[in-house]
Amino acid sequence: MFSKIALCLGVSISLCISAWGQELTDREKKLMSIIESLEKRVTALEEKFSDEEPLEKGAPSNETPSTASTNTAAPTATPASAPAPASQPDGNDMRVYWKEGLRLDSHNGAFKLKFGGRIQSDWFLFSEGDEIKTEFGDSKNGSEIRRARIFIGGTIYDDFEFKAQYDFDHDVVSTNDLWISAKNVPVLGTIKFGHFKEPFGLERLTSSKDDSFAEEAVASALGISRNLGVQVSNSAFDQRLAWAVGVFEETLNLDTRTEGNEGISITGRISGLPLLNEKGDRYLHLGLSASHRNINEFAKASRAETHASNVLAIVSFPETDTVNLLGSEIAYTRGPLHLSGEFNLAFIHSDRGYDDADLSGFYAQAGYFLTGEHRRYKMGSGFFDKVIPKNNFTWKEGGGKGAWEVVTRYSHLDLEDNMYTGGELNDISLGLNWYLNPNMRVILNYVHAELDDGLLGPGKSDTT
């Protein structure tokens with residue numbers, strides 16, 4: 001059984017960036033025109049009353065009744081007591097507000113900058129068969145900091161976006177996201193440059209803090225993670241159709257650099273919502289991904305859906321020429337019920353005397369929110385968004401209880417073909433999620449894993 005507390009620090013603080021010489025918007029020009037008009041009227045009134053003798057209280061008036069009536073309706077305030085025009089905030093002044101985190105945005109919306117991060121800590125217990133212990137050794141019970149990340153990101157001048165995210169777990173600082181993008185590009189949509197996730201798969205593109213389980217399915221090992229590249233993406237039909245395609249190069253040791261010109265890949269994905277209701281709690285998602293990779297070595301490995309587990313399916317192809325990856329995905333949400341699954345294929349080809357191989361993997365999962373929430377969807381991107389509880393948990397009397405969700409998943413990964421014996425890994429996972437608020441979650445997972453064949457033979461493992 002596997003226990004995990006995911007404390008996602010979704011606090012975002014925007015930076016203040018000066019914008020000298022920025023042109024006023026139409027709204028700001030209109031407001032300035034109104035202010036100038038009011039100033040002219042106040043000046044005219046001041047000049048008028050400065051030329052007249054104020055009437056003393058009770059003194060007779062030589063004006064006719066009609067004229068007196070007209071004058072009494074006019075303002076009688078002296079210039080010293082006249083109200084000053086309301087001050088208008090500068091368009092680039094920052095405002096502070098809370099929306100699933102602390103934010104600072106400029107009044108004109110040109111700047112939306114934020115800090116954020118996450119801390120995810122694991123506690124785990126293992127029960128393993130003798131075959132697993134013989135092959136991989138005895139997995140140790142204990143705990144670890146699974147993820148510790150910090151990032152800064154946001155939007156500049158409406159048309160440019162950036163993000164820099166670093167991971168500090170296991171005393172190693174690695175680069176996760178380091179990119180900048182140009183938005184609102186005619187026809188193309190968004191052009192992104194840097195180090196980021198390639199557009200492949202549903203679970204891989206969904207953030208780790210928004211997954212239903214503590215770890216991704218073993219089948220996702222045939223997917224792709226982050227690499228250096230350039231990507232073009234866009235959406236259509238009110239963001240119900242999303243697509244992305246990019247050219248990438250394999251990075252070394254989680255670093256943001258490459259050597260030589262090997263490892264060039266072309267990866268693309270298209271996804272859509274053929275079914276979507278107005279509330280957004282009922283939808284059908286379909287997606288396809290593909291990647292053509294020119295690489296010299298192809299290696300894949302997957303643990304038994306527990307990061308600390310020794311149960312491992314692994315295969316390595318030392319002399320490859322091309323690898324083609326295909327992925328299909330489906331997800332259906334109807335209120336608190338959600339279903340999803342993926343099927344991935346890898347076709348490895350070598351012209352250097354090694355056999356070709358075909359690998360495959362799939363998973364199917366189901367979940368249900370006991371408190372009535374639904375799994376949110378990120379329109380225009382084609383993957384899942386964070387869960388928002390209807391009532392945040394609080395210790396106060398009569399307070400909310402957060403969101404509660406039960407989930408189950410079956411996952412299969414086949415890394416065996418021809419001369420390659422990476423093994424077949426089958427996992428059954430059960431989970432209970434408690435979302436205290438949009439930024440904090442407690443996860444309890446039970447994972448039963450079975451490894452067929454593998455390097456030394458079959459085995460079984462249970463993890464809590």
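I looked up the contacts (heavy atoms within 4.5 Å) first. Among those between residues at least 6 apart in sequence, 62% join residues at least 24 apart.

I noted the ground rules. The model is predicted, so local features need pLDDT of at least 70 and side-chain atom pairs pLDDT 80 or more, while totals for chains, interfaces and linings use all residues. Residues are numbered from 1 along each chain as its sequence is written, and side-chain values use heavy atoms, without hydrogens and water.

I then checked the secondary structure, taken as DSSP runs numbered from the N terminus (helices H or I, at least four residues; strands E, at least two). The protein has three helices and 24 strands.

Next came burial: under 20% relative accessible area is buried, over 50% exposed, and in between partly exposed (1.4 Å probe, protein chains only). Of the 464 residues, 43% count as buried.

I picked T320, in the loop between β15 (312–317) and β16 (322–334). Is T320 buried or exposed? I found T320 buried, because its relative accessible area is 1%. Leaving aside neighbours within four places in sequence, T320 touches I295, N296, E297, F298, I348, H349, S350 and R352.

Last, I turned to D358, in strand β18 (residues 357–369). D358 counts as partly exposed because its relative accessibility is 44%.
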